[in-house]
Amino acid sequence: MKKRYENINPELFIQNRNNLAKALKSNSIAILNSNDQFPRNGDQLHRFHQNSDLFWASGLDQEKCILLLFPDSPIPEYKEIVFIIESNEHLIRWEGKKYFKEEAKEVSGIDSIMYLDRFEGILHEIMGYCDTVYLNALEYFKFETDVPYRDLRFTKWIKDKYTFHTYKRLAPLLLDLRLIKSEIEIDLIKTACNITGKAFRRVLKYVKAGVKEYEIQAEIEHEFMMNKACGHAYQPIIASGKNALCLHFTTNNDECKNGDLLLLDFGSSYANYSSDLSRTIPINGKFSPRQKACYEAVLRVYKKAIALMVVGTSIDELNAKVGKLLESEMINLGLFSKEEVMKQPPDKPLYKKYFMHGNSHFIGLDVHDVGTK
C-alpha cells in the first residue's frame with residue numbers, strides 16, 4: 001500500500017519490539033490496538049491517524065490493526081502476530097487498497113500476519129498459556145478525555161472475558177522506551193523540521209497587510225504537501241494582532257493589519273513524526289521600536305536557552321532556568337520591577353503573567369511526545 005512518505009526501514013520496528021519484549025514480565029503478552037476511525041457527521045469519518053504506540057512498534061499505518069506480542073509463547077508463530085482487515089474487491093472499490101499480508105510483513109518485519117476474524121480464537125488459545133496481560137491506554141499526564149476510545153473498550157472487554165489474569169499498564173514501559181530516539185527516528189524528525197522550515201521561508205515572502213490568516217495557512221499547507229508531509233503535526237496557530245494573546249488560537253480567520261505582529265506556531269508531520277516551530281514576525285516587514293525591544297529580548301533568551309541544552313540537564317531544570325532569564329528581560333522591558341519580584345509569591349512568579357507555559361517539550365511521534373522530566 002503506497003504511502004506519501006518514503007518506506008521506513010523495518011529494523012526500527014523490529015528493534016522497538018525487541019526492547020519492549022525485554023521490558024515485559026516473563027510469560028506475559030502485550031496487546032496494542034490501532035486508533036478508532038472517528039465519526040464526523042452523516043456517513044463521514046475524520047481523517048485517520050494511527051495510534052502512536054502501535055506505529056512505534058509496527059510501522060503499520062492503517063485502521064483496524066492489532067499487534068499481539070508473546071515473547072515466551074510455546075508456539076513460535078504466536079510470539080509476534082499482526083491482525084489486519086482482509087481486503088476484498090468491494091472494499092478496494094469503495095475505500096481503496098489495504099495491506100495485503102505480504103505488505104504488512106514487509107512494513108513491520110513480522111512474519112505472522114493474520115486476518116482480524118482469527119483474533120479472538122488465537123487470543124483464547126494464548127490466554128491459556130500466559131499469566132499477565134499488558135494493555136495500553138492514553139496516559140499523557142496533561143490530557144483527559146470522555147471519549148471511550150478503542151483501548152478503553154478493549155480493556156473492558158478482555159477483563160470481563162478473562163477475569164482471573166493479571167493485568168498491567170503498557171504506558172510506563174512505552175514512555176521509557178519511546179523517550180530515547182533511534183537514528184532512524186531522528187532522521188525522520190529532521191525531515192519533518194526541514195519541511196516546516198521551507199514552509200516558514202515561503203510564508204516570509206507572502207505575509208503583508210491585508211492577507212487573511214487562513215491564506216497564510218494555505219501557503220503552509222501547499223509547501224507541506226509538495227514535500228510529502230502527512231499534514232500538520234497539530235492544529236496550526238496563525239495569530240495576528242491580539243489573537244496572539246490566546247495560547248491555542250486556531251480559528252485563523254482574521255485579516256493581518258499593518259503595524260501588528262503575526263505569531264506563527266505550526267509544524268509538519270512526516271511519516272507520523274512531528275515538528276514544531278514558533279516565530280513572531282512584523283506583518284509589514286518592520287518592527288516598531290517597542291516590538292523590536294520585545295523581539296530582541298526573546299531572541300537573547302532563545303540563544304541562552306539553546307546553550308543550556310546539554311547532556312544531564314532535565315527539561316524541568318531547563319524550564320526553571322529559562323524562567324529566570326525571562327524574568328530579567330521583563331524587568332528591563334519595564335513590565336515589573338526588581339522590588340516587585342522580591343515581594344512576589346514563590347508559587348506565582350510575575351513573569352508567568354506573560355509567559356505562562358514551559359520553554360520546551362519532548363517531540364517525536366506526538367508533538368508533545370512522551371516524557372515528563
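Biologist: In what order do the six strands of the open sheet with mixed pairing stand?

Modeller: Ground rules first: this is a predicted model, where local features need pLDDT of at least 70, side-chain atom pairs count only at pLDDT 80 or more, and totals for chains, interfaces and linings use all residues. Residues are numbered from 1 along each chain as its sequence is written, and side-chain values use heavy atoms, with hydrogens and water left out. Helices (H or I, at least four residues) and strands (E, at least two) are DSSP runs numbered from the N terminus, and two strands pair if DSSP finds at least two bridges between them. With mixed pairing, the six strands form an open sheet in the order E4-E3-E2-E1-E5-E6.

Biologist: Which are its edge strands?

Modeller: An edge strand here pairs on one side only.

Biologist: Are the residues of strand E5 buried or exposed?

Modeller: Buried means under 20% relative accessible area, exposed over 50%, and partly exposed in between, with a 1.4 Å probe and protein chains only. E5 covers residues 132–135, with Thr132 and Tyr134 pointing one way and Val133 and Leu135 the other. Whichever way they point, all are buried.

Biologist: Which residue of E6 is the bridge partner of threonine 132?

Modeller: On the E1 side, strand E1 (residues 28–33) and E5 are parallel over four bridges, with serine 28 partnering threonine 132. Strand E6 (residues 166–169) also runs parallel to E5, joined by four bridges. There, the partner of threonine 132 is threonine 166.

Biologist: Which residue in E6 stands opposite tyrosine 134, and what is the hand of the β-α-β crossover from E5 to E6?

Modeller: Tyrosine 134 faces lysine 168 in E6. From E5, the chain goes through helix H6 (residues 150–161) to reach E6. A crossover is right-handed if, with the strands pointing away from the viewer, the path from the first strand over the helix to the second runs clockwise. This one is right-handed.

Biologist: What is the strand order in the three-strand open sheet?

Modeller: Strand E9 (residues 261–266) and E12 are antiparallel over six bridges, and leucine 262 stands opposite isoleucine 281 in E12. The sheet's pairing is antiparallel, in the order E8-E9-E12.

Biologist: Which helix lies across E8 and E9?

Modeller: The helix in question runs at about 150° to E8. Its residues are 213–226, and its name is H9.

Biologist: How are H10 and H11 oriented to each other?

Modeller: Two packed helices are described by the angle between their axes and the distance between the axes. For helix H10 (residues 289–308) and helix H11 (residues 315–332), the axes come within 10 Å and cross at roughly 155°. Angles under 35 degrees count as roughly parallel, over 145 as roughly antiparallel, 65 to 115 as roughly perpendicular and the rest as oblique. H10 and H11 are therefore roughly antiparallel.

Biologist: What hand does the crossing of H10 and H11 have?

Modeller: Contact means heavy atoms within 4.5 Å, and Ala297 and Leu308 are among the H10 residues that meet an H11 set including Leu318 and Glu329. A crossing is left-handed if the near helix is turned anticlockwise from the far one by less than a right angle, and right-handed if clockwise. For H10 and H11, the crossing is right-handed.

Biologist: How are H1 and H7 oriented to each other?

Modeller: Helix H1 (residues 11–23) and helix H7 (residues 171–179) pack with their axes 10 Å apart, at an angle of about 135°. Asn19, Leu20 and Ala23 of H1 make the contact with Leu173, Leu174 and Leu177 of H7. Given the angle, H1 and H7 are therefore oblique.

Biologist: Is lysine 286 buried or exposed?

Modeller: Lysine 286 sits in the loop between E12 and H10. Because its relative accessibility is 63%, lysine 286 counts as exposed.

Biologist: What percentage of the chain's residues count as buried?

Modeller: The chain has 12 helices and 12 strands, and its C-alpha atoms fill a box of roughly 70 × 50 × 40 Å along the principal axes. Of its 373 residues, the buried share is 42%.

Conventions:
Axes are lines fitted to C-alpha atoms, for helices over the stretch in contact, and angles run from 0 to 180 degrees between N-to-C directions.
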